[in-house]
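Please keep the sequence and the model in view while reading.

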Amino acid sequence: MKLFMDTGNLRDIEAFAPLGIIDGVTTNPSLMAKEAGEPREILKEICRTVKGPVSAEVIATDVEAMIREGRDLATIDPHIVVKLPFGKAGVQACHALTAEGIPVNMTLIFSPTQALLAAKVGAAYVSPFIGRLDDIATDGMDLIEQVVEIFDNYEFGTEVLVASVRHPIHVVQAARLGADVCTCPTTVIEALFKHPLTDLGLERFLKDYEKAQAARAHL
Ligand code: G3P
């Protein structure tokens with residue numbers, strides 16, 4: 001499963017990119033609004049840092065403006081994936097941009113039918129928002145299971161990108177269901193590394209090594 005960072009924060013991305021675990025980045029207008037600086041420049045730097053797919057979302061809501069903005073975003077860097085909000089306008093714009101060879105990430109997916117329609121117009125990714133479904137007492141992972149099954153049935157090339165991830169269990173569940181990508185906020189990426197037994201184990205190894213060294217020194 002590919003791991004993307006769900007952030008517009010360049011420092012966070014620069015901290016994790018050298019580890020070799022980050023395959024791409026997703027942003028949205030809310031995430032970009034948290035960052036100081038010009039969004040285009042930030043996106044350019046993110047692309048330079050990760051050298052993988054970087055989703056940049058349009059603000060436009062009508063078809064023609066979405067297509068124009070999508071084309072413009074695609075000129076920032078060859079790694080840019082244009083993120084379009086789901087809806088009739090988004091689907092039509094996805095159809096047009098995909099035909100021009102511009103990859104699209106269809107966002108704000110909350111049902112299997114929405115995912116199916118996005119795949120039919122050639123979206124490179126669909127982004128089901130599982131955390132927001134969990135928030136309203138609906139099992140977000142159930143949606144992932146259904147979308148993975150539907151895409152497998154018809155061999156759609158569209159990748160299932162699990163979004164609105166809130167904790168490491170979401171990552172485990174996404175991987176067990178065979179999702180293509182999981183995009184995580186920095187806090188969740190950090191949490192993926194942690195296990196108290198790893199810390200305790202290392203502490204014990206080092207103590208035992210030091211004890212043995214001290215014992216040798218007294219021989
Ligand atoms: O990738 C979409 C994601 O950023 C939405 O997450 O936590 O705002 O539901 P959240």
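A polar contact of 3.2 Å links the side chain of S164 to that of R166; the term denotes a pair of N or O atoms within 3.5 Å, where within protein one must be able to donate a hydrogen and the other to accept it, and residues adjacent in sequence count only if both atoms are side-chain atoms. The model is a predicted one, in which local features need pLDDT of at least 70 and side-chain atom pairs count only at pLDDT 80 or more, whereas totals for chains, interfaces and linings use all residues. Residues are numbered from 1 along each chain as its sequence is written, and side-chain values use heavy atoms, with hydrogens and water left out.

S164 also has a polar side-chain atom 3.2 Å from the backbone nitrogen of R132. In the chain, S164 belongs to the loop between β7 (159–162) and α9 (168–176); helices (H or I, at least four residues) and strands (E, at least two) are DSSP runs, numbered from the N terminus. S164 counts as buried because its relative accessible area is 10%, given that buried means under 20%, exposed over 50%, and partly exposed in between, with a 1.4 Å probe and protein chains only.

From S164 the description passes to the ligand. An N or O atom in the side chain of S164 lies 2.7 Å from an oxygen atom of the ligand. The side chain of R132 likewise places an N or O atom 2.6 Å from a ligand oxygen, and a polar side-chain atom of D6 lies 2.6 Å from an oxygen atom of the ligand. Taken alone, the ligand exposes 310 Å², of which the protein buries 81%; accessible areas come from the Shrake-Rupley method with a 1.4 Å probe, and for residues only the protein chains shown count as cover.

Which residues are around the ligand? They are D6, N28, K83, F129, R132, A163, S164 and R166, where a residue is near a molecule or strand if one of its heavy atoms lies within 4 Å of it. This shell divides into four charged, two polar and two nonpolar residues. In this scheme Ala, Val, Leu, Ile, Met, Phe, Trp, Tyr, Cys and Pro count as nonpolar, Asp, Glu, Lys and Arg as charged, and the others, Gly among them, as polar.

The ligand sits in the largest pocket. On a 1 Å grid over the protein atoms alone, a pocket is an open set of points with protein on both sides within 12 Å along at least five of seven lines. A molecule sits in such a pocket if more than half of its atoms lie within 2 Å of its grid points.

The chain as a whole contains 11 helices and eight strands. Its C-alpha trace spans about 80 × 40 × 30 Å along the principal axes, and buried residues make up 44% of its 219 residues.

L108, in strand β5 (residues 104–109), has a positive phi of about 60° although it is not a glycine. L108 is partly exposed, since its relative accessible area is 33%. E155, also not a glycine, has a positive phi near 50° and lies in the loop between α8 (140–154) and β7. With a relative accessibility of 72%, E155 is classed as exposed.

Several C-alpha separations relate parts of the chain to one another. F110 occupies the loop between β5 and α6 and is partly exposed, at 32% relative accessible area. F110 and G140, 30 residues apart in sequence, have C-alpha atoms 8.4 Å apart. G157, in the loop between α8 and β7, is exposed at 68% relative accessibility; its C-alpha atom is 19 Å from that of F110, at a sequence separation of 47 residues.

G122 lies in the loop between α6 (112–120) and β6 (125–128) and is partly exposed, with a relative accessible area of 32%. R204, by contrast, is found in helix α11 (residues 196–217) and counts as exposed at 59% relative accessibility. The C-alpha atoms of R204 and G122 are separated by 53 Å, and the two residues are 82 apart along the chain.

Key: 1 Å grid on protein atoms, 1.4 Å probe; cavity = no way out; pocket = protein on both sides within 12 Å on 5 of 7 lines; lining within 4 Å.
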